[in-house]
Amino acid sequence: MRIDELCSKVQAYLPAAPVEVIRRAYEFSAEKHKKQRRASGEPYVSHPLEVAHIIADLRLDVPSIASGLLHDTVEDTLTTVGHLEADFGPEVATLVDGVTKISRINFTSREEHQAENFRKMVLAMAQDIRVILIKLADRTHNMRTLQGLPPAKQESVAQETLDVYAPLAHRLGIQWMKTEMEDAALRALHPEVYYQLKRAVAKKKAERERYIRETQAILKRQFDAAEIDADITGRPKHFYSIYQKMRAQNLLYEQVNDLIAFRVIVDSVRDCYEALGVVHQNWKPVPGRFKDYVALPKANMYQSLHTTVIGPRGERIEVQIRTREMHRIAEEGVAAHWKYKSGSDIDLEDVQRFQWLRQMLEWQQQVKDPQEFLHGFKEDLFPDEVFVFTPKGDLLNFPQGATVIDFAYRIHTQVGHQCTGARVGGRIVPLRYQLQSGDTVEIITTQKQTPSRDWIKIVKTVRAKQKIRAWVKQQQATRSMAVGREILARDFARHGLDFGKMQRDGSLEKAAWQIGSRGIEALIADVGYGKVAARQVIETVAPEAIERRGPEREGTLQRLFRAVSRRPGAGIRVSGIDDVLVRFARCCDPLPGERITGFITRGRGVTVHAMDCVKVLEADPQRRVECVWAADGRAPRPIRLEVTSVDEPGQLAAITKTIAQSGINIAKAEVRGIADRKALHAFELMIANVDDLSRLMRSLTRVKGVMRVERLRA
């Protein structure tokens with residue numbers, strides 16, 4: 001009978017809805033899944049039916065609900081997208097196909113694959129945002145029935161939900177869905193915490209309900225006296241938000257304040273501010289705990305006034321005040337903006353109000369590095385926002401911690417490139433200044449300024465990082481072209497060859513493809529980067545020149561190179577020679593497994609750099625020598641690692657235990673507390689090779705409380 005309930009639910013908000021399409025979709029799904037059962041033992045069709053109910057709770061259209069009923073048919077049965085298109089039309093087929101592609105995303109896969117899957121999801125959202133709403137409904141029901149899965153699978157699905165789907169629900173403004181998924185994930189990941197909180201909340205249930213009734217009555221009398229028509233509700237905060245507060249502030253449950261939130265729903269914006277005045281007039285507000293999201297809405301269109309006051313009996317209570325329309329948007333998010341026309345067409349104009357989604361689309365087209373896109377995507381799911389003004393009074397939002405450089409790049413790429421500082425409220429501030437809500441920012445530029453690689457460490461927005469990296473890469477490419485051209489012209493001349501002529505007659509073009517470079521310019525750049533040796537190019541384009549010239553005579557630098565004192569080379573082979581004085585560059589601390597190159601240093605032998613070190617391109621190409629790791633070069637090398645975590649007892653022990661379990665020795669360690677109850681752990685570790693380092697960094701990111709793991713280079 002649930003299908004009858006579903007049709008009735010849809011007709012309640014869409015009286016003219018063609019519910020026969022929903023019934024046909026249910027019958028089709030039931031037939032295709034008839035031999036399948038869920039892990040709980042229930043008939044499989046119960047899952048798509050419950051998903052369709054959740055979609056109806058979001059008040060979406062008939063194609064969305066039909067797609068919810070059919071969403072697993074392509075993935076789990078022999079049904080094809082073509083079958084669905086023939087039976088239900090192209091709109092439903094496209095929605096099911098989009099949900100199927102997202103369902104196949106493995107969010108626990110290797111990071112490179114994961115990043116590309118995030119790209120696909122963003123593109124699917126952009127094509128039709130109903131796709132992700134259907135997927136969120138699917139995930140919500142999966143979390144409701146999570147206990148039917150094996151424990152390891154429960155943890156995997158729950159972590160994925162916390163990492164991706166709950167933040168997406170928040171970004172789309174669907175708060176009830178976010179809350180439900182977070183609480184279900186907490187139950188799976190930390191059952192002891194969840195049930196302890198549940199018992200603690202239940203223990204005080206009668207007392208809490210009595211307090212809510214008393215406070216509601218007081219508020220009702222105050223609003224009636226002020227002639228404000230208001231609906232007042234009180235509720236305890238959900239388990240996951242309590243857990244987050246306990247963890248962030250290292251509190252016991254009994255120590256957590258403002259566990260109860262009151263919601264005041266009024267008729268107009270004017271009533272919102274009048275109601276706020278009444279609350280503050282009767283109860284003392286807590287300093288720093290007032291937020292005006294009515295005048296400054298969140299990126300997901302959420303609007304409300306938030307204040308925390310010292311309420312009856314000296315208890316802290318949070319009060320949220322909003323209009324009925326604001327409340328609808330707060331609960332339903334983007335789903336509240338569907339406009340139903342004749343038939344079932346949807347006007348997507350309102351979806352375009354989600355500026356963050358448009359920015360994600362722009363970034364995914366510009367950012368070529370998939371890991372960079374993945375990092376930016378995750379960052380953008382958790383935006384603690386600040387709101388600042390341009391000199392003209394335009395309002396811009398940024399993530400917490402954004403600097404004036406982020407602001408400059410938001411204005412224009414060239415403004416960002418030439419930014420030297422800013423005026424905030426009339427006073428000059430440096431590039432590292434972090435934006436604060438209410439700031440009016442005016443960027444100071446000069447034509448002599450250029451971006452620095454160090455800027456990447458202090459900016460927060462994906463746009464700024466992408467623009468800075470693009471500029472740095474362009475500068476490196478220009479430099480490598482100049483160096484490569486100089487090396488090739490010199491070595492060609494030494495072998496009696498005309499470099500310019502071979503460029504013109506196509507010989508160099510042919511050699512480039514034979515070597516594996518994509519054209520002449522790519523080949524020249526590869527020589528400049530050190531990826532390809534000039535001798536290899538000459539051997540490809542004119543092997544007879546190598547034979548004619550015979551063995552190369554030593555130059556001045558080579559003689560100097562051989563004259564320096566000899567001692568073991570730490571597992572490095574330099575130009576085919578083992579016994580040579582070698583030192584490692586501290587700017588990049590190369591590890592076995594990484595591509596390397598060397599530079600002859602007068603009186604100090606050869607300095608070995610990682611091939612991608614920025615100083616490689618800045619050095620004299622004539623001093624460069626080829627280096628490779630010797631087969632027996634396995635001696636551990638010192639590297640520096642920085643770990644950011646929550647600042648709480650036992651955190652250092654957990655991190656060092658993970659390092660020890662990886663078989664890695666800690667040469668030096670330093671720990672200090674930083675802002676926002678965080679701790680910064682700086683380690684010098686002895687690492688044998690780059691694979692060991694990668695494994696350790698992955699292990700550290702899985703340690704509870706660890707927020708970031710980064711290898712430090714000078």
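# A tour of salt bridges and helices

Asp491 is a buried residue, its relative accessible area being 9%. Select it to begin. Keep in mind that this model is predicted.

**Stop 1: Asp491 and its partner.** Asp491 and Arg490 form a salt bridge, with their closest N and O atoms 3.0 Å apart. Is Arg490 buried or partly exposed? Arg490 counts as partly exposed, because its relative accessibility is 29% and buried means under 20%. Side chains of opposite charge can pair when their charged atoms come close.

Stop 2: The crossing of α22 past α26 is right-handed.

**Stop 3: the start of the chain.** Go to helix α1, residues 2-13. Select Arg2 and Glu5. Their side chains meet in a salt bridge, 2.7 Å from N to O. How far apart are Arg2 and Glu5 along α1? They are three residues apart, so about one helical turn separates them. An α-helix has 3.6 residues a turn, so residues three or four places apart point the same way. Colour by accessibility next. Arg2 is partly exposed at 31% relative accessible area. Glu5 is partly exposed too, at 41%. Arg2, Glu5 and Glu50 are linked in a network of salt bridges.

**Stop 4: helix α10.** Select residues 151-171, which make up α10. Then centre the view on Thr161. A kink of about 45° in α10 is centred there. Move on to Gly173, which follows α10. The phi of Gly173 is positive, near 80°.

**Stop 5: helix α11.** Select residues 175-189, which form α11. Pick out Lys178 and Glu182. Both lie in this helix, four residues apart, about one turn. Their side chains meet in a salt bridge, 3.3 Å from N to O. Are Lys178 and Glu182 buried or exposed? Lys178 is buried, and Glu182 is buried as well.

**Last view.** Show every salt bridge in the model. The count comes to 26.

Methods:
Residues are numbered from 1 along each chain as its sequence is written. This is a predicted model: local features need pLDDT of at least 70, side-chain atom pairs count only at pLDDT 80 or more; totals for chains, interfaces and linings use all residues. Side-chain values use heavy atoms; hydrogens and water are left out. Helices (H or I, at least four residues) and strands (E, at least two) are DSSP runs, numbered from the N terminus. The expected span of a helix is 1.5 Å times one less than its number of residues. The bend at a residue is the angle between axes fitted to the seven residues ending there and the seven starting there. A salt bridge is a side-chain nitrogen of Lys or Arg within 4 Å of a carboxyl oxygen of Asp or Glu. Buried means under 20% relative accessible area, exposed over 50%, partly exposed in between (1.4 Å probe, protein chains only). A crossing is left-handed if the near helix is turned anticlockwise from the far one by less than a right angle, and right-handed if clockwise.
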